[in-house]
Protein chains: 4
Amino acid sequence: MLTTDPFDDDKLREECGIFGVYDTEGASAMVALGLHALQHRGQEAAGITSFDEHDFHTHRAMGHVAGNFDREEIIGGLVGRCAIGHVRYSTTGETSLRNVQPLYADLATGGFAIAHNGNISNAMTLRRDLVRRGSIFQSTSDTEVIIHLVATSGYRTLLDRLIDALKRVEGAYSLLCLTTEGMIACRDPLGIRPLVMGKLGDTIIFASETVALDIVGAEFIRSVEPGELVVVRGTDIQSHKPFIPISQRPCIFEHVYFSRPDSIVEGISVYSVRKAIGAELARENGVDVDYVIPVPDSGTPAAIGYAEAAKIPFELGIIRSHYVGRTFIQPGDGVRHLGVKLKHNANRNLVAGKRIVLIDDSIVRGTTSLKIVQMMREAGAAEVHMRIASPPTMNSCFYGVDTPERSKLLASRMDVEEMRQFIQADSLAFLSIDGLYRALGEDSRHADKPQYCDACFTGDYPTTLTDHEAHEASDLMMLGEQKLA
Amino acid sequence: MLTTDPFDDDKLREECGIFGVYDTEGASAMVALGLHALQHRGQEAAGITSFDEHDFHTHRAMGHVAGNFDREEIIGGLVGRCAIGHVRYSTTGETSLRNVQPLYADLATGGFAIAHNGNISNAMTLRRDLVRRGSIFQSTSDTEVIIHLVATSGYRTLLDRLIDALKRVEGAYSLLCLTTEGMIACRDPLGIRPLVMGKLGDTIIFASETVALDIVGAEFIRSVEPGELVVVRGTDIQSHKPFIPISQRPCIFEHVYFSRPDSIVEGISVYSVRKAIGAELARENGVDVDYVIPVPDSGTPAAIGYAEAAKIPFELGIIRSHYVGRTFIQPGDGVRHLGVKLKHNANRNLVAGKRIVLIDDSIVRGTTSLKIVQMMREAGAAEVHMRIASPPTMNSCFYGVDTPERSKLLASRMDVEEMRQFIQADSLAFLSIDGLYRALGEDSRHADKPQYCDACFTGDYPTTLTDHEAHEASDLMMLGEQKLA
Amino acid sequence: MLTTDPFDDDKLREECGIFGVYDTEGASAMVALGLHALQHRGQEAAGITSFDEHDFHTHRAMGHVAGNFDREEIIGGLVGRCAIGHVRYSTTGETSLRNVQPLYADLATGGFAIAHNGNISNAMTLRRDLVRRGSIFQSTSDTEVIIHLVATSGYRTLLDRLIDALKRVEGAYSLLCLTTEGMIACRDPLGIRPLVMGKLGDTIIFASETVALDIVGAEFIRSVEPGELVVVRGTDIQSHKPFIPISQRPCIFEHVYFSRPDSIVEGISVYSVRKAIGAELARENGVDVDYVIPVPDSGTPAAIGYAEAAKIPFELGIIRSHYVGRTFIQPGDGVRHLGVKLKHNANRNLVAGKRIVLIDDSIVRGTTSLKIVQMMREAGAAEVHMRIASPPTMNSCFYGVDTPERSKLLASRMDVEEMRQFIQADSLAFLSIDGLYRALGEDSRHADKPQYCDACFTGDYPTTLTDHEAHEASDLMMLGEQKLA
Amino acid sequence: MLTTDPFDDDKLREECGIFGVYDTEGASAMVALGLHALQHRGQEAAGITSFDEHDFHTHRAMGHVAGNFDREEIIGGLVGRCAIGHVRYSTTGETSLRNVQPLYADLATGGFAIAHNGNISNAMTLRRDLVRRGSIFQSTSDTEVIIHLVATSGYRTLLDRLIDALKRVEGAYSLLCLTTEGMIACRDPLGIRPLVMGKLGDTIIFASETVALDIVGAEFIRSVEPGELVVVRGTDIQSHKPFIPISQRPCIFEHVYFSRPDSIVEGISVYSVRKAIGAELARENGVDVDYVIPVPDSGTPAAIGYAEAAKIPFELGIIRSHYVGRTFIQPGDGVRHLGVKLKHNANRNLVAGKRIVLIDDSIVRGTTSLKIVQMMREAGAAEVHMRIASPPTMNSCFYGVDTPERSKLLASRMDVEEMRQFIQADSLAFLSIDGLYRALGEDSRHADKPQYCDACFTGDYPTTLTDHEAHEASDLMMLGEQKLA
């Protein structure tokens, strides 16, 4: 009953999860476990870098953590008491092993490995400048810009170089850096992407979500704060806040969909937020039906909340397969809605003749919603209503979430009634933006100074978007670029 | 929210699923889809054989259907308008490709491929006789015995040879046979394992469960009857019933756990049976708690039924990961209950301080139940009760289900109170056998002539168990056997 | 400077080599070495079966011995003090792992593994009969016929069953059989394919050629005699000769091309035979040139013999690459004779302006000869003469050698002058059949009772060719056969 | 009958071969052929980079050219009319894909790919400086130093930047550079490693040896001169000589062993040089024997020359296997000299009772020579003499040849008589250094100004050896370096 769905084309996708362990035996085995618990944040590739007081050891692989980092021959080679790891969904650039993190560089200050969750929104512009001054990039990853800024910084210590570098980048970043001297965890001044700190005995652990602390039995200490660098060196833990303080704007979509329901994000239980969302949804847009049916699995907590608030039975009207796969060969014309059926099947006996409301977390392109509504009708449902546990998703994300171009977002092209017709539901309603803030325990959204980054719903971006505005930059960079056959 | 759980050591496991398509374009692509929908019945290996009016084409692979049979280069080679397929969990013999079905033989009557769900309980005895007469076995599979009985039968037509062979075997079998002349589907006289028939236009389809009809959009016609052979040849469909009629005894555990909740088994909705089981359980063994919590995913329908009947909130107190993997390297002593945590995590914020009842489908070894109870206590639950949606599992199955030896079954060694202590629950109760029959719509179990095969609960086996009784036979066969390095 | 050339389409090819070891530690490691030394007899696949007094262990792989059987994880699994192995070139049937030898069967007398060099010329006819009586074949290999004949024989002991089986087969076979009781080596009554026996301490070794004894440091004892079965059991070695004695007819082409020059075949040094062939060739068909140039590597010993006899300098006018590969993509029109150049290059500086005679072992299709003559002309040779170290190859082999259909053999379509024009040489001559017998130490060929099987040159086949004559049999067998996708 | 031997531990090894094609269809297919012909110069890995007027395309692979670059899916992706390629033997650093060439960088001037044969002898020193200034290295290859020097050069055009970079490096380099504007071929001022230029129609081709021109049917134009940069752009070919002229010192070992016998190196036929070496050797150190026997294949041309000069029969007393493999499991004590026997076998029938002289190209560690002498004695040779076609190899090479440490070179530890005893020969003699120069057509070596780099024989290195002298530099670089698991 996880939130994230590994093979759904019609969802927004978190691009990364990170996990770090400082000073324990079996550090890389622990990182592998932590990454496994963060697998919903990125299924395309994974990597771990360890440090054994003398050498850095790295292994990166396409695919899941399980199957790659659960083997003794791999983990056994990742020697050392400190390690960081990364799971990754995808990039704007090519999908190849050289873009898989942690990235590593031999700097004048010694070896330096970095794992990054987020997206640098002026990366192309910075990259062009760095190349002009003689830097050579190994990847098309925005993260590499940070490394070159560190490498060419005029400061002497690694920490000063890193701060110098971070002051030049825009956008979202939760970072874990592993150096010959220790581990540095940091978060951008807005705190867009999450990062938490825990401990297990004397071992310090950093993770994108608390579920990754749970899997290793670690205790949650606190979130790394927006704009904070936590430096762990031996038994010493220091906090640095070198940026001009500004109001934080953590990503609101972590609560709606990205994070696992059993995680605590910014101090709040994701499961309870989602149940509260369901209750708000029932209050704002109730409908008279026989059953409340979740679109599994991401709609389930909101559906439970909705059913409770509306006092309508919660039923499993859609059964989800655990065995994913989306490339099956279409056998012929007889087989309809194949894509959705590879994952979902109507519980036909239950829904036949019944009025139902489906609860889903969001609508992106709308193609899956249409197929699910049709599948329920073919199974004999008398009425099919749809309620969405978030406001309409109208804008692209530039902070580390894979969103389709704006024009592909159904809500950017249609109003709610048009969307209802498109997905062929009897009724359709979205949660209001204030309803969403209420579910998070706020009175309402503070329009002048929003408590969260909700740009995907509101278009109110908390940073400048340098690369996006200077789009031609990326075109220039393409000339003569290398493709790996 | 499927019933079957791909990597749980502590569950009984269905050993196979079968699917056949007669006379359509893209037959093997359709079989691949059907097998994908039956994947919960066997995750270890899969195979498809097609016939193109001249040649038979076979591909077998270790692993899932997705990833093996979703590729054009494989499906494109499985030419022909008729095909059968098989998913497999495991065998008593070695796990190697030569045991993966469909099995195939060039007989004097032409090519013959067979896919089998079930287990022949006198296979070793028959095999020894066949080898003495000069038959050479390619596999250690019990299914191959059927092929050699067909090959050496004195009858002339393939159908007569097959009937002759089946009259000599004991045990459970649902079979699909593909020959140069047509397709034969049959089920043993007791009807232990399921087999249904559907159609999509003029195409005839056979499948272990109705969900596999759903995925290809086919219409359910009827179950193949116990003791029936359905022969499809061109547009002609014939039914043969060559066996002495006896009362049917279909497997009751299909309803408890094996089949998907969205399947219709022997005419009954599995989901509604499981909800009824939950309600029976609440009535038989209610307990005063704050939340009803399913052990996901197999306990979920029963938990919904229990919560409804008991009027206690249904909550997701355990979150299940979609990303399986059980071989992670243990990092050190700090990490407790690793195995269970790779799959399940406590929704800590929800259960802290609460009294809960966990609903699970069955207890096999009890090791997982213990870890889940402990995990809930560590998450702060005030009381942890356990209710099981079936009677105690006390006996091995010899009909195609992977059960541990009798001595490993917790219920064969302990009474309920001892089991409660073992799993450290505050209370433990199982559904009664009559409660289970009531949930299936019966008044009670008819002890003299039971309506189902419930040997795993009652020890009342519906057939003789020749090989089990003559255990020495299997020892003899081992001498000089080949191992594939 | 081996005789056999792994990637030349324009050569006859030996189909198999076999090697067996009786009773020593590390038996399978020794078999791997022996097979490596026999690799020139078959490069497509290899297999080893060992017996550890309880179980048989088999590994088969497509590809070379090195790279498959040089790894501890493979050899370590092939436990036991006795083992047999096989290298294979190809079959008339499909090329798949199930045809790779040793073949194995569980018989009523216990486990039985067999490795076969040769070809059964009535295999299809026997197979059809066996299938009619209920035998099920696993492969398309002719060797499997022998196993089924053994399995269904009415005799009691394995040895009697094997003799019974061999009396029913026609054609060429050198066999190694591994049973629970010992090892049996045998050779068909004509002794068409070679098989020698050696020892290393108390260990008995069988091999297709003496070079495989050399690699393990074993001492050559004698050839297994035509029509002999050597049975090794414990320390006991027995010789059985159950067949009616007839004159032997070993394959003459082993001396011309198949065997390695450092082997002793039927008591004669292959290298010295080839040098004698070169000398005969110089005497029969001398030519006035500047250099004698071998077509490497198979023409080299004959070229040395020719140069010595003719008192003309031996020079390396063609340099052969060790790095094989025949599938390179043709870049465009400019690149001529690409196929031959992947392997051979003219030593341009040497041959420019010179009159040369090229010495090659045989002409099959003639395509390579043409390209080599052209390459020498393009390199500037003034005259290019060709001398062939065997008579014209005019007939197919049915005894385990891969020959093109008769119509593809250049010598079956053209006389010598036409062939000369085809390959564009200034002159062309072949060794006479009597010249070849003289080089082997005979006075001449005894036409009424030839000392060798020379059917490829003379068309005088020493056995009936049942399958070849009843060609329709193979067509019947094809119906409904299984293809592995 | 190639010179280089893919799996002999006891040979010096050329580290690289390079090949480039400018402006033709199918450029990368042509590069693949060229690299295949240069495979003897490096068997560990290969790579090709092409440019299609917009993008660069690269594929690199461990292993041979055949098997990697002969597949349409690879070559088809290497689009463009210009391409360069590289085969590589090994590195001082780790052996991993990131060290495989061509290396590529996105520079401010556009894409830049480079393939390098040779070794930069001040690479570590330059690398340390570059890292201090912020350059980040992707590999441990010395070649990457050149790229960073180009990237950070103060000059504007790529050609000026490259010249600036090359003026800072010491050592041996033959380079091919592919840029968005054209191709640049260059050779260090001493011309240590070879590089030739050819054409096929209007297409310009560069290659390490002329055999690579032969395979594609190209015409040899001339060698790239020491200290020359040849710039090809459109139809324009320019020659630049920016370095202060010094006397050339091409590598003498190319003639002794590295180059193929059918190559023309610095205008001289390698085959004829080797025959002349054999003749010199016979004159300098004749011996009364029955047969002259080459150690195949590198000793063969010298043996032919020796036999001719000494009027003693040339015979194949050692037969070499084409099927390499050196990791076979040792079966037990009985098998002696396994390593050498995997490759060489005595032609026992020939040598028994005979006095022989073995001709080999060089002695490195001497271990193989010892085993070959022993093998000949075990085969019954009456006397075994050894003659070596070069002077004693006493010094390491720092210019792109893989040599063992000086202390492992037999000739650095022993005089000739001690070496004779070590290899157990009846007599041993080496060619004199002046004899070697005579075979190359010189009157003698000019000690004040040697015509060749012969440092491996004489210790007279033509450049300073900065890194070697400042050995601590490399230690510093090791700290915190990344290992790829």
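This is a predicted model: local features need pLDDT of at least 70, side-chain atom pairs count only at pLDDT 80 or more; totals for chains, interfaces and linings use all residues.

Colleague: Let's start with the site. Which residues does the UniProt annotation "binding site" cover?

Modeller: The record, an unreviewed entry, puts that label on Ser298(A), Asp360(A) and Asp361(A). They are spread over 64 residues of sequence, yet they cluster in space, with a largest C-alpha distance of 6.9 Å.

Colleague: Why is Asp360(A) called buried?

Modeller: Count the C-beta neighbours: Asp360(A) has 23 inside 10 Å. The cut-off for buried is 20 or more, so with 23 Asp360(A) counts as buried. Asp360(A) sits in strand S20 (residues 355–360) of chain A. Beyond four places in sequence, its contacts are Val295(A), Gly299(A), Ser369(A), Met386(A), Ile388(A) and Ala389(A).

Colleague: And what makes Asp361(A) buried?

Modeller: Same test: Asp361(A) has 27 other C-beta atoms within 10 Å, and the threshold is 20, so Asp361(A) is buried. Asp361(A) lies in the loop between S20 and helix H12 (367–378) of chain A.

Colleague: Over to chain D. How do you know that strand S6 (residues 103–107) is largely enclosed by the rest of the structure?

Modeller: Because 5 of the 5 residues of S6(D) are buried. Leu103(D), Ala105(D) and Leu107(D) point one way, Tyr104(D) and Asp106(D) the other, and all are buried. Side chains in a regular strand alternate between the two faces of the sheet.

Colleague: What makes S6(D) and strand S7 (residues 110–120) of chain D a pair?

Modeller: Pairing takes at least two bridges; S6(D) and S7(D) have 5, in the antiparallel sense, so they pair. Tyr104(D), for one, stands opposite Ala113(D) in S7(D). The two strands form a hairpin with 2 residues between them.

Colleague: Last one: how many residues of domain 1 of chain A are in contact with domain 2 of chain A?

Modeller: For chain A, domain 1 is 13–249 and domain 2 is 271–326 + 337–454. 17 residues of domain 1 are in contact with 9 of domain 2. S7(A) gives the most to the domain 1 side, with 3 residues. By class, that side has 5 nonpolar, 7 polar and 5 charged residues.

Conventions
Residues are numbered from 1 along each chain as its sequence is written. Chains are lettered from A and ligands numbered from 1 in the order in which they are written. Domain bounds come from an automatic or database domain assignment. Two residues are in contact if their C-beta atoms, placed from the backbone, lie within 7 Å. Helices (H or I, at least four residues) and strands (E, at least two) are DSSP runs, numbered from the N terminus. Ala, Val, Leu, Ile, Met, Phe, Trp, Tyr, Cys and Pro count as nonpolar, Asp, Glu, Lys and Arg as charged, and the others, Gly among them, as polar. UniProt positions are given in the numbering used here, feature names are shortened, and annotations may be inferred rather than shown by experiment. A residue is buried if 20 or more other C-beta atoms lie within 10 Å of its own, exposed if 12 or fewer, and partly exposed in between; C-beta atoms are placed from the backbone.
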